[in-house]
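Please look over the sequence and the model below before reading on. The briefing after them is grouped by topic.

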Amino acid sequence: MANEDIEVLVVGAGQAGVAMSEHLSDNGVPHLVLERDRIAERWRTMRWDSLVANGPAWHDRFPGLEFQDVDADAFATKDQVAAYFEAYAEKIAAPIRTGVEVTSVTRNEGRPGFRVETSDGVIDARFVVAATGPFQKPVYPPIVPDGAVRRQLHSSEYRNPDQLPEGNVLVVGTGSSGVQIADELQRSGRQVYLSVGPHDRPPRSYRGRDFCWWLGVLGLWDLETPAAGAEHVTIAVSGARGGHTVDFRTLEAGGIQLVGMTDRFDAGTLTFREDLAENIARGDASYLALLDAADQYVARNGIDLPEEPSARNLGPIPSAATTPVLSVDLAEAGITTVIWATGFATDYGWLKVDALDENGRPAHRRGVSTEPGVYFVGLPWLSRRGSSFIWGVWHDAKHVAGHIATQRSYAAYDRQARG
């Protein structure tokens, strides 16, 4: 069977792949999107049942389509988000082929483009866009050995409290996933231990505006590089139950036992670092810094927004930070499950070209890789702070599609010049 010829092959039909398809079409670039599962599969099957988007519907969307069944200030469920991307793909007539996995991409010898091996045959592509996103390979540190508790799982495997064996739970990680899962489990009647690491803690809303709006008007979504030492700092924010500010004081008051970062395991006992007070204080500082910046913006621009002095009344630091629990015997504490909300790594084993650094991470500038003709989209900090968010992906894809269109114009001139 002859190879299929494609000008641009986009790998992945999540939010990044759908955005790429729209902008490639707008530039008149022929392309094909391959997806090994379904459109927006990770929203369907790598999220817990009660998950909602962390940004309101007016913000967490593409410019060309509003959510039809979600109030603008509400938070879409994971199923509504998946349905949104399906509807968007249909709206733009995206050429998506599902159920096809890309297994290998290698550069052609003596001619432009790439040989792409898939589960459905071989494709010759002039350009390849890796739009597989940041949530590829669940990662957690090998601290607790197998068999030490009845079950260990990554947050991407968690669905609901009924899924877990009876007993108490340790949740490791305090990004959006960790704090929401811990809160849900505590509300279900379990005793939860929450291992708190470094984090930013923005207000869900302040002076009548969601924090997504504040980051926008303050120019913080457009930061091109994270602050030194903050490359892997998570954001503790929640859209659950209508949206609320995450506060570890409130979590402690609800019965959650806060502990520092999980450090080591020995003879049935987990030891935690003495950094709980420091991590909470830094989170509080990030919270107050945003309030300060928002107040300055209001005063500077003469905007009529209601004052909210109560937002600064944080109260005393959680008691767990002043008298920390530094170790827990898992059996004595009745902990039968450990949930690792510790993020993901990328997995580009299929991309066998010079587009990765020595650690296997994408080597690129604004999505344009070190391998000519290969591009990335959908990654955190691809071009700015907002790059891995839905709206940020759309803007990054526009830039990448424009770069591809420019390269095609050079190739067209060369062909014309050669006669």
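What follows covers the domains, a pocket, and several individual residues.

This is a predicted model, in which local features need pLDDT of at least 70 and side-chain atom pairs count only at pLDDT 80 or more, whereas totals for chains, interfaces and linings use all residues. Residues are numbered from 1 along each chain as its sequence is written, and side-chain values use heavy atoms, with hydrogens and water left out.

**Domains**

- The protein chain is assigned domain 1 (4-136 + 346-412) and domain 2 (138-340), with bounds that come from an automatic or database domain assignment.
- The centres of domain 1 and domain 2, taken over C-alpha atoms, are separated by 30 Å, and the contact between them takes 23 residues from domain 1 and 31 residues from domain 2, where contact means heavy atoms within 4.5 Å.

**The second largest pocket**

- The second largest pocket holds about 350 Å³ of space; a pocket is here an open set of points on a 1 Å grid over the protein atoms alone, where a 1.4 Å probe fits and protein lies on both sides within 12 Å along at least five of seven lines.
- Its volume is the space filled by probe spheres set on the points, with grid points joined across faces, edges and corners.
- The lining of this pocket consists of 20 residues, and D183, R187, R241, H244 and L251 are those that lie nearest its centre; a lining residue has an atom within 4 Å of a point.
- By class the lining has 7 nonpolar, 8 polar and 5 charged residues, counting Ala, Val, Leu, Ile, Met, Phe, Trp, Tyr, Cys and Pro as nonpolar, Asp, Glu, Lys and Arg as charged, and the others, Gly among them, as polar.
- Because domain 1 and domain 2 both give residues to its lining, the second largest pocket lies between them.

- Most residues other than glycine have a negative phi.
- A267, although not a glycine, has a positive phi of about 50°; it is placed in the loop between β16 (262-266) and β17 (269-272) and counts as exposed at 69% relative accessibility, where exposed means over 50%, buried under 20%, and partly exposed in between (1.4 Å probe, protein chains only).
- W381, also not a glycine, has a positive phi of about 55°; it is found in the loop between β23 (374-376) and α10 (390-418), and at 25% relative accessibility it counts as partly exposed.

**Buried residues**

- Q136 lies in the loop between β6 (121-130) and β7 (137-138) and is buried, with a relative accessible area of 13%.
- The side chain of Q136 is joined to that of T132 by a polar contact of 2.9 Å and reaches the backbone nitrogen of D347 at 2.5 Å; a polar contact is a pair of N or O atoms within 3.5 Å, of which, within protein, one must be able to donate a hydrogen and the other to accept it, and residues adjacent in sequence count only if both atoms are side-chain atoms.
- Beyond its neighbours within four places in sequence, Q136 is in contact with residues including R42, F344 and Y348.
- S383 sits in the loop between β23 and α10 and is buried, with a relative accessible area of 11%; its side chain and that of R384 are joined by a polar contact of 3.3 Å.
- Leaving aside neighbours within four places in sequence, S383 is in contact with E224, R366 and D396.
- V259, in strand β15 (residues 257-259), is buried with a relative accessible area of 0%, and among its contacts beyond four places in sequence are L194, F272 and V325.

**Helix α3**

- Q80 lies in helix α3 and is partly exposed at 22% relative accessibility; a polar atom of its side chain lies 2.9 Å from the backbone nitrogen of T77.
- Apart from neighbours within four places in sequence, Q80 is in contact with F67, D69 and V70.
- A87 lies in helix α3 (residues 78-91) and counts as partly exposed at 34% relative accessibility; A87 and L65, 22 residues apart in sequence, are 8.9 Å apart in space, C-alpha to C-alpha.

Notes. Helix = DSSP H or I, 4+ residues; strand = E, 2+ residues; numbered from the N terminus.
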